[in-house]
Amino acid sequence: MLFPESCRASLSERAFRDCPAVEAGQACKLAARTETGISTKGLSAARSDAQFERTAFRFCLRRTLPLKDPGTENLTEGCKNVVLLHVGPWHWVQDNEGHMLFHCVPVTNCKGAHVRRPPGAAAPPGGSRTPGSREPAPEGRCVAVRTEGPGGSEEPNLGFGAWCEAPAGPDAHRVPGSRGLAEATALRRPNSHQVWLLFSKMQAAVPDVQMNLPRNKQINFKSLSPQDLLQSSLLGLRQSEIEAYELILQFIDQKDMSQMDKLSFLRAVETLSGAVHSQPNGCMNDYYPQTILTKKIETLILEESTSSLDSNILQQAMLCIVALSQVKPPFNVSQKLDLVNAAISIMFSLPLILPSLDRKESASLYIQTTQALDDMLQALVMEDMNPNMLILQNFLEIILPWVTLSEKKYEQNRALGTMSRLLRFICNFSELLHMSLFSMTGKLMGILGLLSVHSNHEVSMEASEALHYLFKILVLQRSVKAKIEEILKDLQKHFRRQWLFSMQDLALFFRKYLTPLERADVIIVTIEAMASTDIQDTRAASKVFKVLLKHTIPEIGKVSEIIRYIYYHMSNITETTSLNAIKKIFHMFAQSYTDEVILTLIKIEDQSQKGVRQPWEILASFPKDYELILEHLLQRLKPPVEEESGRRPELSPLIATRAVHELLLEPSRRLEVQTFFSSLFLALLFRISFLVFEGRAEAMEDQPYETKWVNPISFSTDTLKTLISSSGYGDHVVYIQELGGWERLMDPETHYEGVTLLARSLVVKNCWHNRPIFSLLIRTLQDLDCTSHVTALVLLAELLHCPDVSSNVDDIATHILASWFKTEELATVKILLQVTETFAKHKNLLRRLGILQPHVLNCCYSSNPDIVMETFLTLQRLLQDLKWQYSSSFLTQLAFMLSTFFEAESEPLRLKAFQIYASLLTKTKRNVLIFPLRHQFLNLIVLLVLHMKDENMEVRQICQYSLYKTATILGWSRLKAVFFNHDVFTILRALLQQETNKAPWFLKQCMVLFKSPQTPIRLIAVWFAGQIIQVLNQEEMDGIEEEYSSLRLMEKDPDPMVSCLTRQTLYILEAKEQLLRAQPRRSCLCWRRPQRSYF
């Protein structure tokens, strides 16, 4: 037999479950340990009537026998201690020298268990005995005990097992070994081994069994009486401890016990616990299962009367728990809670014991019992030499209902005193287990704070004391070590003083020592007190809130939960001070946690009956909150933008729109709505534009509950209607409806038409908010990245027709509008051109038209042909309203600009250029003909004549009319008739004849027309150039080299008529040049021709 010190294993009972001979409740536990002591787990076993068959025995071997393992050659120390739990027949194993080794119980008729003979172990000889006999077994049987690891490997340091084998034959019986059992399970404690065997009563006689050991170490079996086992089991205990043990066995199953028996039993448990505690590694389960003892003590506590305290049984029971808590195994959490709940339910329910001479003993007993309760709580809250805050939290959850729900002041005092003393005990430890998981700080502080201002002096003092120790715990755990001593000194100054000092400390700790969630718990507890029907609770809550809200409150958690509680309990708060405090809290949350407040109210409305307005009535009842929330919602109505953290704001624009709609329905806030009308009007209108063009997909994504109740576009439009109506402009809604503006506003194709009608209603109905709206539009357009600029410009363009608005336009606003010309967007430029026309029609705006005019002319050179055409259309309309008195510079610039478009590729654009030029000529009078404009008119005279051969009939007519107007402006009375009635060639001859001095200038104009895409114009230009050159003198000929070169290039013109005419012209000119060279030059100055004059 070998039990190595390193061996840690147990044989599972699973291998014997299929044994038909096993009877329920019969068990034997064989535990082997090294010198560290004895340790067993609890054993639940059925007990027979016989005393010795249901008793747990223990015996100790005082000497160690060296044994040789049959499977190895190693010699190790054997077992010093063996624990034996007995049911049925017993056998005591001893060696040749009489040393006790272990007790073996034969098991017969076992099936389903795999058995094998250990290597080297011979089969013992046969033999038999009478079933159930307790006589010594005859010689011949052999028992081999050896170590074996899980799975059958022979590893002495992993586990051990046992085999019992009988010889083959009809009388052979086998005892299962560890080979067929479940894998051995190592115990937690080192050098500790346990073996569990299930067995039945003897079914057959087994002859003498001896150990398969060396020949000089043979072991014989002999019977062991119950008296011997009892004596050996309690070796090492004092007589008083043995008697205590016997008392436990005697009373453990009794139900109706007398007070004397109860006290005897409790003292016995306490005595045995002391004995176990004195052992180096003592464990109560080595003597009796701790679970059974604990349950028995709990039963005794619950059997105590709650009407009087006549004995010290309750005290002794709690002291027993204290004693048991000092030994192993430790109580689990469930056991602790059951014990505490039982003790508190009895202790706190006792009637009030008033001090008197005749009840002196009762008062003394109560004090002693209270001290025992404190000792028990303090003992049970400990874990590994430090308090466990999670266990403390469980204890407080048991105690607090006696404070908050009890109507008896003495019960409250008892609960508060118990908490106070328990918290004071916790203050003695610098290290607390699981402090970060302790979640009752806020709730506890709120309850104690309310009770510290209670009208009952005793309750107030007990609560203040408990609150003081709670503060002390927070200081020790959450303060900087260097400041702890100073803070504790200041805290001690207020200890057990008036409630005002406690409130001051409460406010301080509320701000500096609590987490956001803990602050929320304090507020919730206080609001619950305000909603109470007890006037004392409401007044106490008002005092607490007055102190807490005196200073700015830091971050608070559970906002949604607090708002819900206020909503559901608002109707129950009738006391004026409490109601004002609730309003102040709501005001605070509306300022700091607007998103959470709005979302909570909307969710409450969704969960409530349809049409319930109470949440918004609560919010609208506070004017300041109403304004702050509207201001916050204005920001949330903008398209959502991801924050730096990468997530969107909690309150989406869709929810913000719904919140605005709900707030607008409150009739009590008309003045505030008027104040925010302009901002809300633009925000909602921009929101609708965004949804119509860009935000349909955005409105349907993210939170699905937002889109179940409404179409975002239609609901936003309804909100805008509600805003206009609630602001006193109900007739505007009807006016827009009659024009079909609301339907157009929601249609992408006609949206801007709807915006125009909306703005027109403001102008037609002379809305008071027109000027504020215009100012907001200008501020909005200052941001060139504004996404709703088109809607803003459409609205602004219509509002400019309002006299109040036009008078409010200044240079800054005009420059902001002009800056949007740079966008090169057709829709934007088109609206700005309309704005320019409006500026030209109103006297108040005309003087600032010059700021826009350069930007309008620049649009003529845009790369977008649509913008160019829109600009020309605008210029055509502008000429009808402009006057030379205010726009001479612009009209002059326009005249110069138009010449570049007379040869444009776009036929409509070219025609429009001629039309505008004709309009300009019509508008020009001789008295306003200044130098630059006169020069430009003369610079275009040849072009107009040549375009009388234009392919476009309208152009030809316009040019003829323009020539007539030019002649009128220049005072060419003779040429007026020629321009109106003759052909091109006649007009050119007449023009050259009358204005011969301008011949070189006319030649330059012809050079420009050499590039005309129209062949007739190029042909006439070549012809007229030849005519002009022929009338030039020698000096003038010397200055036309460039023009002459351009004429030579026309020989390569793709049209043969033009090229042919060019060659003929060149021949004539060359012949003339030769003639001029042949003529002598006149030297006399009087014969020189006068110089040409162009003007």
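# Terms and cut-offs

Visitor: What makes arginine 744 and glutamate 753 a salt bridge?
Guide: The closest N and O atoms of arginine 744 and glutamate 753 are 3.5 Å apart. A salt bridge is a side-chain nitrogen of Lys or Arg within 4 Å of a carboxyl oxygen of Asp or Glu, so the pair qualifies at 3.5 Å.

Visitor: On what basis are such values given?
Guide: This is a predicted model, in which local features need pLDDT of at least 70 and side-chain atom pairs count only at pLDDT 80 or more, while totals for chains, interfaces and linings use all residues. Residues are numbered from 1 along each chain as its sequence is written, and side-chain values use heavy atoms, with hydrogens and water left out.

Visitor: Why is arginine 744 called partly exposed?
Guide: Buried means under 20% relative accessible area, exposed means over 50%, and partly exposed is in between (1.4 Å probe, protein chains only). Arginine 744 has 33% relative accessibility, so it counts as partly exposed.

Visitor: What makes arginine 910 buried?
Guide: Its relative accessibility is 3%, and the cut-off for buried is under 20%. Arginine 910 forms a salt bridge with glutamate 907, with the closest N and O atoms 2.7 Å apart. Glutamate 907 is partly exposed, at 33%. Glu907, Arg910 and Asp950 are linked in a network of salt bridges.

Visitor: Where do arginine 910 and glutamate 907 lie?
Guide: Both lie in helix α38 (residues 907-923), three residues apart, about one turn of the helix. An α-helix has 3.6 residues a turn, so residues three or four places apart point the same way.

Visitor: Why does the span of helix α45 agree with what it should be?
Guide: The expected span is 1.5 Å times one less than the number of residues. For the 16 residues of α45 (residues 1015-1030) this should be 22 Å, and the end C-alpha atoms are 23 Å apart, which agrees. The buried residues of α45 include Arg1018, Trp1023 and Phe1024.

Visitor: How do you know that α14 and α17 cross?
Guide: Axes are lines fitted to C-alpha atoms, for helices over the stretch in contact, and angles run from 0 to 180 degrees between N-to-C directions. The axes of α14 (residues 516-530) and α17 (residues 576-592) come within 10 Å and cross at roughly 145 degrees.

Visitor: Is the crossing of α14 and α17 left-handed or right-handed?
Guide: A crossing is left-handed if the near helix is turned anticlockwise from the far one by less than a right angle, and right-handed if clockwise. α14 passes α17 in a left-handed crossing.

Visitor: Which residues of α14 and α17 meet?
Guide: Contact means heavy atoms within 4.5 Å. Ile523, Ile527 and Met530 in α14 meet Ser578, Ala581, Ile582, Ile585 and Phe589 in α17. The residues of this contact divide into seven nonpolar, one polar and no charged. Here Ala, Val, Leu, Ile, Met, Phe, Trp, Tyr, Cys and Pro count as nonpolar, Asp, Glu, Lys and Arg as charged, and the others, Gly among them, as polar.

Visitor: What does lysine 721 touch?
Guide: Lysine 721 touches Val733, Gln737 and Trp742, not counting residues up to four places away in sequence. Lysine 721 and tryptophan 742 are 21 residues apart in sequence and 9.1 Å apart in space, C-alpha to C-alpha. Lysine 721 is in helix α25 (residues 712-726).

Notes. Helices (H or I, at least four residues) and strands (E, at least two) are DSSP runs, numbered from the N terminus.
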